[in-house]
Amino acid sequence: MPIGDVEVPVIGNNLVIPLLVVPHILIAAYIIGINLIAATSELVGMITKQRHYDRFARNAAKTTLLLFAVGSSLAFTFILALITLYPVLFSHLQNIFFWVFLAEAFMFVGEVITVYAWYNAWDKMAYRKNLHVTMGFVAGLFGLVQMIFINVVAAYMLTPSNAPATDVGWTFLNPTYMPLNMHRFVGNFSYAGFLIAGYAAYRYLRIPGEEDREYYDWLGHWGIIWGFGFLLIQPFLGYEYMTEIKAHSPGAFEYLMLGPKSWLFNLLVIELLIMFTASVAYCLHKMKFAVKPAPRLRNATLGALGLTAIFGVLNTIPADLYLVPQIGLVFGEKVDSNIGLFETPPIPLGAMYPFKYIGLVGLAFVGLFALALYLKTSADGFHWGRANRWSQYALLATAVTVVFTMMTMGYVRETARRAGNGAEDGWLIYGCLTLQEQKFVGEGCPSAPRETP
Amino acid sequence: MVDVRRGQQGAESQPVEEDEITEENVFDHYDEPQGFFPGQVVCDLTVSAILLVMVIVLAYWVPAPLTEPAEVSTTVYVPRPEWFFFFLDQWLVFFPGAVLIAIADVIVPALFVIWLLAIPWLDKEPSHSMSRRPYIVVISFLVITVIVLNMILAMVRIANFPGGTPPG
C-alpha cells in the first residue's frame, strides 16, 4: 500500500494527529515555561538567599527531566504519523523548511544535554552558582528557540507569505509568525505558572507538616504571580494574532469569529473569566495575611474583583443565540457573517465593538491594578501557611482551566484551516494545499502557483 | 558625622564618613549629587557638541535623498508612519474605533509621559547598582520590551501588506 493511503481504523486519519499533538504541546509548553521560571527562581534564590526559591527550582528541573522523554517521544511519533498520513504536506514543508527542521533537531540535543547537566550538577556546583544559573537559562533558551523555529511552520500553514516558497526570509516572516511567537512565549509562562500554583494547592491541602505548609503556600503565591502576571498580556497578543489572521486568511477568521466555530471564543472568554476571577480572589484572600496589614489596598482589590467579574461577564455575552450548532444548541438566528465591526448583532451587548473591546481591555487593566496591589502588599511579606482551603481551590481552578484553555486555543488554530474549501474539506496549507486529497491548488498558493505532481 | 549610605567598593552596610565632594574626588562619588554649574553644564555641552559634529559630518557625506514628488491621484498607496513611530502605530491596531482610539493615542502616551516626569520622585535610590533599584529596572525593562515588540509586530505587519513583500 503506498504511503499516504493508510486508513486508520475506528478513529480515522484526522484524529491521529491531534491525539499525539495535544499531549505533546501540553508537555512541551510546560517544559519551556517551567525551565525559564526555574532558572529565574534559582537566580532570585541566589540573590535573596532564601532557600525556598532553590528548593522549587530544583524540583522543577526534576519534573522537566521526568517529562522530557515523554514529550519528545510524542513529537517523534507525531512526525512519523505526519509523514505516513500526509506525505505531500510533509515533503512540501521539508523542502521549504529544511533548515528549520535541522536547527530544531539540534535544539533538542542542546536542551537534553544542558537540562540533564543542570539538574545533575546542582550539588556539585553549589559554590559556582553563577555558572549553574547560567546553565539553567541556556537550557531554557534552547527550548524557547526550539519553539520559535517550529512556529515558523505552524504560522506558515495558516497564513503563508505572499512570496515564493523559495524565499526563505519571507516564508519565515509570514504574517502570523511574530504574533504567534509572542502569544506562545507569554502563554508558556502563564500556563506553567498556573500549573505550579495548582500543584502547590494540591500539596498544601494534603500535607499537614508546618514547614511544608509554609513552603506550598509560598509556592502557590509564586505560581500565581507568573500565571496571572503573564495572563494579563494575553488578550492583547491574542487580539493581534487574530488581526493578522483576519488580514491574511479572512476565510479562517470569519469561520472562527462569526461562523460555525465561533462558540470556541465564547468558551475561551468563559475560561478567561474563571482564571481572572480566581486569581484576583486568591490575591484578595492572601492580603489578609500580610505582615503589614493594608486594609485600603485590600478594599481596592475587592473593588477590582467586582470589576473583573463585570468585565469578564461582559465578554461572555454572545452575539446571538446560535450557540453550538454542532450539538444542536441553537435558540435563535445566526448573526450575519458579513456583519460589520460597528453594526449591532441580535444581542446588542454581545457586539464586538465596543463591548468586547471594553471587556478585554478592562479585564487586563483591572487585573494589572489588582496584581500591582498584591505585589505591593507582598513586598513586606506574608504569614505563610495560613491560607484557607478555598484559596487553594481557586488555584486548582486556574490550573485546570489553563489546561483546557491551551487545548481550546490549539484546536482553534488548527481548525481555522477547515474554512474556505467546502464543508467537508479544508486546507493543510491555507489557500494552497487541500486537506483531504492533498492537492495543490492551481492558483493562490501564495505567489508561486503550482499543480500537484 | 556618619552617613549610612554605601561606599563605592561594596562596603556592604558599613557606615562611611561623609566627605565633601571636590573636583579632585568627584569621580569617586559618581552616583552622588553634584553642582549643576559648571560641572554638569560642561558635560552636557561637550556631548551635545560631539553629537552636533557627527550630524554635520553625516549630513555632508551621506545626504538624505530627495524622493519622487507626491502622487496625489494614487489609490494603492498604504500610508504608514516613519519607522520610529511603528510601535505607536501598532497601538492603533489594538485599540480601533472612535471609542477606544483615545486610549491608544492619548491616555497611554500621556500616562507614560507622566510616569517619566515622576521618576525622580518614584525612584530616589542614589546607587547606580541595578540590583538596588528593582522597581525602576523592571518597569524600564518592560517599557523597552513593549516598544521593541510592538515595533517588530508593526514591521512584520507592514512587510506583509500587498506590495510589502518582493513580487513572486
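Is S279(A) buried or exposed? S279(A) is buried, because 30 other C-beta atoms lie within 10 Å. The cut-offs here: buried takes 20 or more other C-beta atoms within 10 Å of a residue's own, exposed takes 12 or fewer, partly exposed is in between, and the C-beta atoms are placed from the backbone.

Before I go on, a bit of housekeeping. This is a predicted model, where local features need pLDDT of at least 70 and side-chain atom pairs count only at pLDDT 80 or more, while totals for chains, interfaces and linings use all residues. Residues are numbered from 1 along each chain as its sequence is written, and chains are lettered from A and ligands numbered from 1 in the order in which they are written.

Okay, back to that serine. S279(A) sits in helix α11 of chain A, residues 263-286. Helices, by the way, are DSSP runs of H or I with at least four residues, strands are E runs of at least two, and they are numbered from the N terminus. If you skip the neighbours within four places in sequence, S279(A) is in contact with I224(A), F228(A) and T398(A). Contact means that the two C-beta atoms, placed from the backbone, lie within 7 Å. From S279(A) to R213(A) you count 66 residues in sequence and 20 Å in space, C-alpha to C-alpha.

Next, a helix pair in chain A. Take α2(A), residues 51-85, and α8(A), residues 210-231: their axes come within 11 Å and cross at roughly 75°. The axes are lines fitted to C-alpha atoms, for helices over the stretch in contact, with angles from 0 to 180 degrees between N-to-C directions. So α2(A) and α8(A) are roughly perpendicular to each other. That label covers 65 to 115 degrees, with under 35 being roughly parallel, over 145 roughly antiparallel and the rest oblique. On the α2(A) side the contact uses H52(A), R55(A) and F56(A), and on the α8(A) side Y215(A), W218(A), L219(A) and W222(A). By class, that contact has 5 nonpolar residues, 1 polar and 1 charged. Nonpolar means Ala, Val, Leu, Ile, Met, Phe, Trp, Tyr, Cys and Pro, charged means Asp, Glu, Lys and Arg, and the others, Gly among them, are polar.

A few backbone details in chain A. The peptide bond from Y353(A) to P354(A) is cis, with omega near 0°, and P354(A) lies in helix α13 of chain A. V10(A) has a positive phi of about 65° without being a glycine. You'll find V10(A) in the segment before α1 (13-48), and it counts as exposed because it has 5 C-beta neighbours inside 10 Å. K49(A), also not a glycine, has a positive phi near 60°. K49(A) is in the loop between α1 and α2 of chain A, and with 8 C-beta neighbours inside 10 Å it counts as exposed.

Now for where the chains meet. 27 residues of chain A are in contact with 17 residues of chain B. On the chain A side, the elements giving two or more residues are α7 (177-206), α9 (234-248) and α13 (352-378). The largest share, 6 residues, comes from α9(A). That side of chain A divides into 19 nonpolar, 5 polar and 3 charged residues.

One residue to look at here is P175(A), in the loop between α6 (168-172) and α7 of chain A. P175(A) is buried, with 28 other C-beta atoms within 10 Å. Leaving out neighbours within four places in sequence, its contacts are T159(A), E244(A), A247(A) and H248(A), plus V156(B) and N160(B) from chain B.

Finally, chain B itself. It comes to 4 helices and 2 strands, in the order β-β-α-α-α-α along the sequence. Of its 168 residues, 5% are buried. Among contacts in chain B with a separation of 6 or more, 36% are between residues 24 or more positions apart. An automatic or database domain assignment gives the domain bounds: domain 1 is 1-34, domain 2 is 40-66 and domain 3 is 71-168. The centres of domain 2 and domain 3 of chain B, taken over C-alpha atoms, are 26 Å apart.

And do look at α3(B), residues 97-122. That helix bends by about 35° at L116(B), and P120(B), a proline, follows within four residues. The bend is the angle between axes fitted to the seven residues ending there and the seven starting there. Of the 26 residues of α3(B), the number buried is 0, so the helix lies largely in the open.
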